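Let's take a walk through this protein together, from its outline to a few individual side chains. Keep the viewer open so that you can follow along.

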Amino acid sequence: MSKKVNSFHDLGGFVFYTNKDFEFDNESNVEETVANNQQRLEAHLDKKNRGGKVATIIKGFQGNEEDLKTLGKMLKTKCGVGGSVKDNEIIIQGNFRDKIMEILKSEGYSIKRVGG
């Protein structure tokens with residue numbers, strides 16, 4: 001038995017196009033990652049909306065999402081803690097700002113301490 005299709009949403013978000021002359025744009029809109037020595041990162045400490053617990057937040061990364069996730073994973077591993085990457089920021093659980101700044105400097109990043 002087949003389902004009746006009433007709208008595009010019933011197709012699961014897909015739209016079918018039957019033009020034989022259509023050419024796909026193979027260039028992706030992936031942002032190029034800037035070299036480490038040209039990055040200007042900021043290290044913040046944050047307690048807001050975290051139940052009073054401190055988190056170290058790294059902002060200012062210029063590049064694609066995959067490279068940001070790789071950098072976040074490396075920082076979490078070296079600090080031995082958890083964290084996440086979202087909204088173009090790396091969030092590390094706990095006050096590891098000084099340690100993270102040293103790690104990033106050794107990797108060639110320019111990092112600035114922001115806040116208290």
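**A loop residue to start with**

Asn 49 is exposed, with a relative accessible area of 83%; exposed means over 50%, buried means under 20%, and partly exposed is in between (1.4 Å probe, protein chains only). You will find Asn 49 in the loop between β1 and β2. Its phi is near 55 degrees, a positive value in a residue other than glycine. Asp 87 sits in the loop between β3 and β4 and is exposed, at a relative accessible area of 72%.

A word on what you are looking at: this is a predicted model, in which local features need pLDDT of at least 70 and side-chain atom pairs count only at pLDDT 80 or more, while totals for chains, interfaces and linings use all residues. Residues are numbered from 1 along each chain as its sequence is written, and side-chain values use heavy atoms, with hydrogens and water left out.

Now step back to the outline. The protein has two helices and five strands, where helices (H or I, at least four residues) and strands (E, at least two) are DSSP runs numbered from the N terminus. Read from the N terminus on, the elements run β-β-α-β-β-α-β. Of the 116 residues in the protein, 24% are buried. Taking contacts (heavy atoms within 4.5 Å) with a separation of 6 or more, 49% are between residues 24 or more positions apart. The protein exposes about 8900 Å², and carbon and sulfur atoms supply 48% of that area; accessible areas come from the Shrake-Rupley method with a 1.4 Å probe, and for residues only the protein chains shown count as cover.

Next, turn to helix α1, residues 65-79. At 1.5 Å a residue, its 15 residues should span 21 Å, and its end C-alpha atoms are 21 Å apart, which agrees; the expected span is 1.5 Å times one less than the number of residues. Which residues of α1 are buried? They are Leu 68, Leu 71, Gly 72, Leu 75 and Cys 79. Seen down the axis of α1, these buried residues fall within an arc of 100 degrees, so they line one face of the helix; the arc is that of the directions from the helix axis to the C-beta atoms. An α-helix has 3.6 residues a turn, so residues three or four places apart point the same way. The face turned away from the buried side of α1 carries the exposed residues Glu 66, Lys 73 and Thr 77. What do the buried residues of α1 pack against? Their partners are β2 (55-59), β3 (83-86), β4 (89-93) and α2 (97-106). After α1 comes Gly 80, whose phi is positive, near 70 degrees.

Ile 103 lies in α2 and is buried, with a relative accessible area of 9%. Leaving aside neighbours within four places in sequence, Ile 103 is in contact with Met 74, Leu 75, Lys 78 and Cys 79. Ile 103 and Met 74 are 29 residues apart in sequence and 9.6 Å apart in space, C-alpha to C-alpha.

Finally, look at the charged pairs. The whole structure holds four salt bridges, each a side-chain nitrogen of Lys or Arg within 4 Å of a carboxyl oxygen of Asp or Glu. One of them joins Asp 46 and Arg 50 (3.0 Å, N to O); Asp 46 is buried at 18% relative accessible area, whereas Arg 50 is partly exposed at 29%. Another joins Asp 98 and Arg 113 (2.6 Å, N to O). This pair links distant parts of the chain, with Asp 98 in helix α2 and Arg 113 in strand β5 (residues 110-113), 15 residues apart.
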